[in-house]
Amino acid sequence: MTIVLIGYMASGKTSVGKLLAKKLNYRFIDLDDFIEEKEGATIKEIFNSKGEIYFRKKETQYLKELLQANEENTVLSLGGGAPCFGENMDEVLKAKHAISIYLKGTVPFLANKLVQKRSKRPLISHIDNVEDMSEFVGKHLFERMPFYSKAEKHVVIDHKSKPEIVEDMVSILF
Ligand SMILES: Nc1ncnc2c1ncn2[C@@H]1O[C@H](COP(=O)(O)OP(=O)(O)O)[C@@H](O)[C@H]1O
Ligand SMILES: O=C(O)C1=C[C@@H](OP(=O)(O)O)[C@@H](O)[C@H](O)C1
Ligand SMILES: [Mg+2]
């Protein structure tokens, strides 16, 4: 089985995904880390030197590859935008042995976190206060919601610890 984690930036896909994989004894793959390894550059560098459209092309290509190669039990954490471009969310939904989970956070919760955690996230790295971040995240999440909502399972993340979120995921999965 491949457990695909989706959700907005800073919802915990990478860090909570790692914990979930450890708990289940599954392989862990983070799509952004995979892209960085394959491209020999950080996400920030790719955005700066080649632009977002190049990044989205690579993201789509590697996501497809990872969804096809699924012999091993895996937790696959996507980047926040991955399900929202091209046919990516439909690819996730139709992939055999894949189950998608949306890590669902509210705008105030995500915006507060993102002000602290913005440096490696090129889409929001220039926004340095909670008011502007809330406005940006509010609009952006509204645009992305139709894609995230398609996930088969939804887990609420606000004010939960990472182990609590892992427990919630395990209980809806098994
Ligand atoms: N439930 C949580 N409680 C406390 N810190 C968290 C929680 N979820 C994520 N974090 C922290 O927030 C930051 C963003 O998390 P990350 O896993 O990178 O999110 P994503 O991959 O969805 O962007 C990291 O520093 C992470 O350690
Ligand atoms: O939401 C997005 O468009 C992005 C999210 C990032 O991943 P995280 O959601 O893990 O921060 C990363 O893929 C890139 O900065 C773009
Ligand atoms: Mg991540």
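Analyst: Two residues are in contact if their C-beta atoms, placed from the backbone, lie within 7 Å. Among contacts in the protein between residues at least 6 apart in sequence, 74% join residues at least 24 apart. This is a predicted model, in which local features need pLDDT of at least 70 and side-chain atom pairs count only at pLDDT 80 or more, while totals for chains, interfaces and linings use all residues. Residues are numbered from 1 along each chain as its sequence is written, and chains are lettered from A and ligands numbered from 1 in the order in which they are written.

The fold comes first. The protein has seven helices and five strands, where helices (H or I, at least four residues) and strands (E, at least two) are DSSP runs, numbered from the N terminus. From that end, their order is β-α-β-α-α-β-α-β-α-α-β-α. The C-alpha atoms fill a box of roughly 40 × 35 × 25 Å along the principal axes. The radius of gyration, taken over C-alpha atoms, can be compared with a globule rule of 2.2 Å times the number of residues to the power 0.38. For 174 residues a compact globule would be near 16 Å, and the 15 Å of the protein agrees with this.

A residue is buried if 20 or more other C-beta atoms lie within 10 Å of its own, exposed if 12 or fewer, and partly exposed in between, with C-beta atoms placed from the backbone. Of the 174 residues, 33% count as buried. Strand S4 (residues 98-104) is largely enclosed by the rest of the structure, because five of its seven residues are buried. Strands pair if DSSP finds at least two bridges between them. S4 runs parallel to strand S1 (residues 2-6), with five bridges, and parallel to strand S5 (residues 153-156), with four. Valine 4 has serine 100 of S4 as its bridge partner, and isoleucine 101 has lysine 153 of S5.

Now the ligands. A residue is near a molecule if its C-beta atom, placed from the backbone, lies within 6 Å of it. Ligand 1 is surrounded by 16 residues, the closest being Ala10, Gly12, Lys13, Thr14 and Ser15. Helix H1 (13-24) and helix H7 (162-173) are the elements that give two or more residues to this shell, and H1 gives the most, with four. Ala, Val, Leu, Ile, Met, Phe, Trp, Tyr, Cys and Pro count as nonpolar, Asp, Glu, Lys and Arg as charged, and the others, Gly among them, as polar. On that scheme the shell holds five nonpolar, six polar and five charged residues.

An unreviewed UniProt entry annotates Ala10, Ser11, Gly12, Lys13, Thr14, Ser15 and Arg121 as "binding site"; such positions are given in the numbering used here, feature names are shortened, and annotations may be inferred rather than shown by experiment.

Lysine 13 belongs to H1 and counts as buried, because it has 27 C-beta neighbours inside 10 Å. Beyond four places in sequence, lysine 13 is in contact with Leu5, Gly7, Ser77, Leu78 and Leu103. Serine 15 is also in H1, but with 14 such neighbours serine 15 counts as partly exposed.

Lys13 and Thr14 are also among the residues around ligand 2, which include Met9, Asp32, Gly80, Arg121 and Leu123.
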